[in-house]
Amino acid sequence: MIVSGLIFAMAHGNFYQFFYAFGLGMIFAYVYLHTGKIRYTIGFHMLINFMGSIVPMAIIELEKVNPMAGRLLLTGNLMMMFGYVICGGVLLICCHRELSFHPGYTEISAGRKNRAVWLNMGMILFLLSGGALLALSL
């Protein structure tokens, strides 16, 4: 899950999104590992992108026409996003004992896991290019 979160964060290519993308990447990895269905993580990602970019842009356009309504909707959208975070945190605290990870179908030795994840050409190039993009965004 940590590797998945790191890859998700670096794929966003900038420092400003790195930390929350890392957290979301780990949550998405958990959802995938727990359900075995990638469509849930894709749906969550689409919803987050929609609520965090498309909706605010539409509200900003409305604010040009009606400043009071635009500010009210923007504040409501922000409060709703914070509400999601708070509800997720409360659910995590309340249900943390029910979280479980099922073992994989085939076990790979620790040395082979590290080599398979980190020491392949694709991962090395990805980490180098992602690190360069991250450094350039500072």
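Which helix gives the largest share of the lining of the largest pocket? I looked it up: α2 does, with twelve residues.

Before going on, a note on what I'm using. This is a predicted model, where local features need pLDDT of at least 70 and side-chain atom pairs count only at pLDDT 80 or more, while totals for chains, interfaces and linings use all residues. Residues are numbered from 1 along each chain as its sequence is written, and side-chain values use heavy atoms, with hydrogens and water left out.

**Pocket**

I find about 1300 Å³ of space in the largest pocket. Here a pocket is an open set of points on a 1 Å grid over the protein atoms alone, where a 1.4 Å probe fits, with protein on both sides within 12 Å along at least five of seven lines; lining residues have an atom within 4 Å of a point. Of its 34 lining residues, L24, I27, I48, Y84 and G88 are the closest to the centre. α2, α3 and α4 (67-95) each supply at least two lining residues. Helices here are DSSP runs (H or I, at least four residues), numbered from the N terminus. By class I get 23 nonpolar, ten polar and one charged residues in the lining. Nonpolar covers Ala, Val, Leu, Ile, Met, Phe, Trp, Tyr, Cys and Pro; charged covers Asp, Glu, Lys and Arg; the others, Gly among them, are polar.

**α2 with α3**

I checked α2 (residues 15-35) against α3 (residues 38-65): their axes come within 8 Å and cross at roughly 150 degrees. Axes are lines fitted to C-alpha atoms over the stretch in contact, with angles from 0 to 180 degrees between N-to-C directions. The two are therefore roughly antiparallel (the cut-off is over 145 degrees). The contact (heavy atoms within 4.5 Å) uses L24, F28, V31, Y32 and T35 of α2 and I38, Y40, T41, F44, H45 and I48 of α3. I sort these residues into eight nonpolar, three polar and no charged.

**α3 with α4**

Next pair: the axes of α3 and α4 come within 6 Å and cross at roughly 160 degrees. That makes α3 roughly antiparallel to α4. On the α3 side I list M51, G52, V55, P56, I59, L62, E63 and V65, which meet P67, A69, G70, R71, L73, L74, N77, M80 and M81 in α4. This contact divides into twelve nonpolar, three polar and two charged residues.

**α1 with α2**

Last, α1 (residues 2-11) packs on α2 at an angle of about 135 degrees, with the axes 7 Å apart. That makes α1 oblique to α2. Among the α1 residues in the contact I noted I2, L6 and F8, and α2 brings F18, F22 and L24, among others. By class, I count twelve nonpolar, three polar and no charged residues here.

Key: Parallel < 35°, antiparallel > 145°, perpendicular 65-115°, else oblique. Points joined across faces, edges and corners; volume = space filled by probe spheres on them.
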